[in-house]
Amino acid sequence: MEWQVRFVVPCLVIAALFQTSCATIISGTSQAISIDSNVKGAEVKIEGNLVGQTPFHGKIKRQKEALAVVAADGYTAQSITLTSSYNPVAILSIFWDYSTTDCITGACWEYAPNTYFVNLKSSTTSEAEFKRQSSLLAFCMTYHGQLTLELAAGDGDLLRSLHREFFTDQSFESFLTCAKAAPSNDAVAFARAIAG
Amino acid sequence: MATRYTVGCGVALWALSQAAAAQGCVEVAPFKSVFLVFAEEQAESLVSGFGHIFVCLPNLPTSSVQDLLAAPAVNFGADTSRLGQGMWVGQYKLQACHELVRKNTHFDQRRLTFFELPYTEPELKHLREDLCSRLAHTYSYDFFRHNCGHYIAEWLLANNNASSSILYFTPREALATITCQRPPLRCFTIPSDLETLEQALSHADERTVYQVRRGLNTPSVLREINDPVLQLLAIRVAESRSTFAEYSALESLQADILSSPGGPEAAQAIIATRADMSAADLPNWLQEGEGPALGVQVIQQADAGDTGLRLSAEAGLRDFGTPPRATRTLRDIRFLAADVEMYSHQVHSDLVLASVSVVRDLRRIGGGLSSGFSLGRSDLPDPLAISGLYASTWLGASSRFEFGWLGIRAVAILDDLGRTPDLGVALGLTFDTLCDTGSFHGEVTDVPGHGLGLLLRQRQSCTRTSSLVADATCDPDGSITLGLGVQFRF
């Protein structure tokens with residue numbers, strides 16, 4: 001029995017460490033992240049320390065979670081809780097459902113690995129318009145790869161969904177023509193062009 | 001990586017707040033239909049090993065996947081940072097359906113199946129009001145029982161207590177419970193990127209398959225592949241596993257391929273493949289899935305005063321991970337159960353090897369065929385001093401009704417113990433109920449010249465894994481045997 005414990009437990013721990021969901025963040029003591037926002041040059045603070053401006057590319061020390069705040073004059077500051085999915089609790093508890101506690105306002109999202117976009121709200125923008133704009137940008141950025149694929153094919157579920165939800169004032173064909181003109185190799189530029 | 005799964009809060013929240021204010025329930029907009037979504041188990045990931053369910057709530061008449069993506073969704077998730085009375089705190093959360101779809105099909109590489117559930121207008125109204133009150137509370141969360149499956153079932157089945165007394169309750173079991181009480185109107189699927197790639201690779205040569213597999217780990221290799229369809233599909237899969245630097249490179253590679261001469265045709269082929277794969281019939285695994293079981297019974301032969309033990313092992317049906325197919329073929333014939341039973345009486349002993357192979361159409365309404373055989377040996381001590389073999393085989397047909405299965409079977413019997421003809425033919429009627437909390441099996445067999453044989457077997461589920469089993473058997477010779485025991489199902 002003892003040899004089984006000696007053998008099985010380390011194997012389980014190693015297997016847990018190499019779960020696909022954790023593989024990209026468990027090596028090293030720091031982690032590269034990128035933060036961009038709709039306002040260029042917005043201040044980026046991590047754990048209260050000013051670390052740069054958007055678009056920000058840098059490394060942060062690995063820890064259970066870190067609070068990033070993005071702020072610019074004339075805009076409401078936005079905070080992101082950067083949470084690490086790897087922690088002993090998560091391995092022991094074997095979660096079915098991931099915790100999604102950050103970005104609950106819908107104004108920031110991770111559209112690529114460790115890459116965040118923050119949509120800052122200006123004082124002149126209405127709440128409804130801001131939410132609509134955030135939803136549209138989030139949709140376009142997170143589905144950028146699939147949307148460009150569908151644009152090349154000329155049709156697809158996501159394109160139809162995008163059109164139905166946000167561009168009902170124009171025909172699908174004219175929406176398609178505009179969307180095809182958007183730059184396709186950069187998710188942020190693509191989303192901004194679509195949101196237009 | 002949890003943050004990876006936290007893509008922007010989507011269309012749902014905006015749509016919800018727009019339409020809900022006037023209805024008294026400010027969080028949730030009125031919805032027209034309910035789509036239960038099941039994300040299949042994914043063996044590679046521990047956290048995905050038991051499936052996941054959530055609900056999409058479109059506010060427009062919905063006809064396809066594309067209509068659902070922008071709809072609001074209800075997800076039950078755990079907050080790992082907070083402790084409650086159980087292990088952790090869980091909450092119903094409103095998210096965009098596309099957010100959950102992307103997380104499951106792209107990041108987790110899991111197939112999604114959407115089931116439209118039938119609800120009337122008043123029921124939809126009640127569901128919405130109920131959801132509003134649930135959104136305001138937190139709930140005790142534990143992995144084995146009070147999980148997404150439990151809470152989504154509780155909400156959709158109007159506070160039913162289907163899972164209150166069980167030891168564990170997986171999302172797949174929650175799905176089975178819900179769809180049993182609310183038979184789906186239709187269903188369709190969204191294949192994972194990996195599944196779509198595997199589909200395309202099934203026609204590729206060995207070298208290409210090797211290149212693709214290598215490219216999934218080393219994205220730069222993907223440039224060397226000659227087939228743009230495979231390149232694009234591999235990019236979709238590789239993206240979900242990449243670092244940011246790799247991600248950017250993959251996006252550029254995709255843009256290059258799409259702008260090349262064969263790019264648009266390749267994109268069209270992929271969209272068409274995914275559309276073909278999304279057509280689905282109701283999955284077979286929704287119905288009657290059962291795991292293997294072990295049982296032990298105390299038996300009493302009433303007329304002879306003989307008591308004994310019966311041990312049984314049963315291999316049941318469990319279609320974990322079997323993808324549903326749009327068209328049914330001979331491969332869909334299921335091996336439902338195999339029994340091995342051993343009787344050990346005080347007076348005599350029997351060994352019965354009963355392999356029961358049942359072919360059933362697992363659709364909700366339908367019919368099926370059954371066949372099987374049993375083989376046993378009995379040794380009776382002095383003064384009878386008889387020992388011999390007995391065997392039977394049968395072929396039957398059964399039909400499924402709302403209340404259960406009704407079947408007829410022809411039985412050929414071989415028995416050299418003198419209890420029945422040495423070789424005879426009998427006719428049997430069978431009846432099986434369908435019930436979540438237990439099952440009942442009844443069987444009447446007419447053995448010409450010897451009278452009627454009767455078997456009644458009742459299983460009552462105590463927990464999801466254990467059942468009480470009570471048997472009553474009356475042989476054609478009038479001997480009655482009663483049995484009582486437990487069965488553990490895995």
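The following legends describe close-up views of a predicted model.

Local features require a pLDDT of at least 70 and side-chain atom pairs count only at pLDDT 80 or more, whereas totals for chains, interfaces and linings use all residues. Residues are numbered from 1 along each chain as its sequence is written, chains are lettered from A and ligands numbered from 1 in the order in which they are written, and side-chain values use heavy atoms, with hydrogens and water left out.

**View 1. Glu150(A) in helix α4 of chain A.** Helix α4 spans residues 144-153; helices (H or I, at least four residues) and strands (E, at least two) are DSSP runs, numbered from the N terminus. Glu150(A) is buried, with a relative accessible area of 3%; buried means under 20% relative accessible area, exposed over 50%, and partly exposed in between (1.4 Å probe, protein chains only). With neighbours within four places in sequence set aside, the contacts of Glu150(A) are Asp155(A), Gly156(A), Asp157(A), Leu158(A), Leu159(A) and Ile271(B), contact meaning heavy atoms within 4.5 Å.

**View 2. Helix α5 of chain B and its ends.** Because 9 of the 9 residues of this helix (residues 148-156) are buried, α5(B) is largely enclosed by the rest of the structure. Among these buried residues are His150(B), Tyr151(B), Glu154(B) and Trp155(B). Ala158(B), just after the helix, adopts a positive phi of about 50 degrees.

**View 3. Nonpolar cores and Cys56(B).** A nonpolar core is a set of buried Ala, Val, Leu, Ile, Met, Phe, Trp, Tyr and Cys residues joined through side-chain atoms within 4.5 Å. The largest comprises 45 residues, and those with the most contacts inside it are Leu162(A), Ile194(A), Cys56(B) and Phe114(B). Helix α3 of chain A (residues 127-142) gives the most to this core, with 6 residues. A second, separate core of 37 residues includes Phe38(B), Ile53(B), Trp88(B) and Ile178(B). Beyond four places in sequence, the residues touched by Cys56(B) include Val34(B), Phe35(B), Leu68(B), Cys97(B) and Phe114(B).

**View 4. Confidence along chain B.** The mean pLDDT (the predictor's confidence in each residue, from 0 to 100) is 72 for chain B, and 64% of the residues score at least 70. Among the elements of this chain, helix α1 (residues 11-20) has the lowest mean pLDDT (44) and strand β1 (residues 34-39) the highest (92). Values stay under 50 over residues 1-23 of chain B, for which the model has 97 contacts beyond four places in sequence. The model scores ipTM 0.72 and pTM 0.61.
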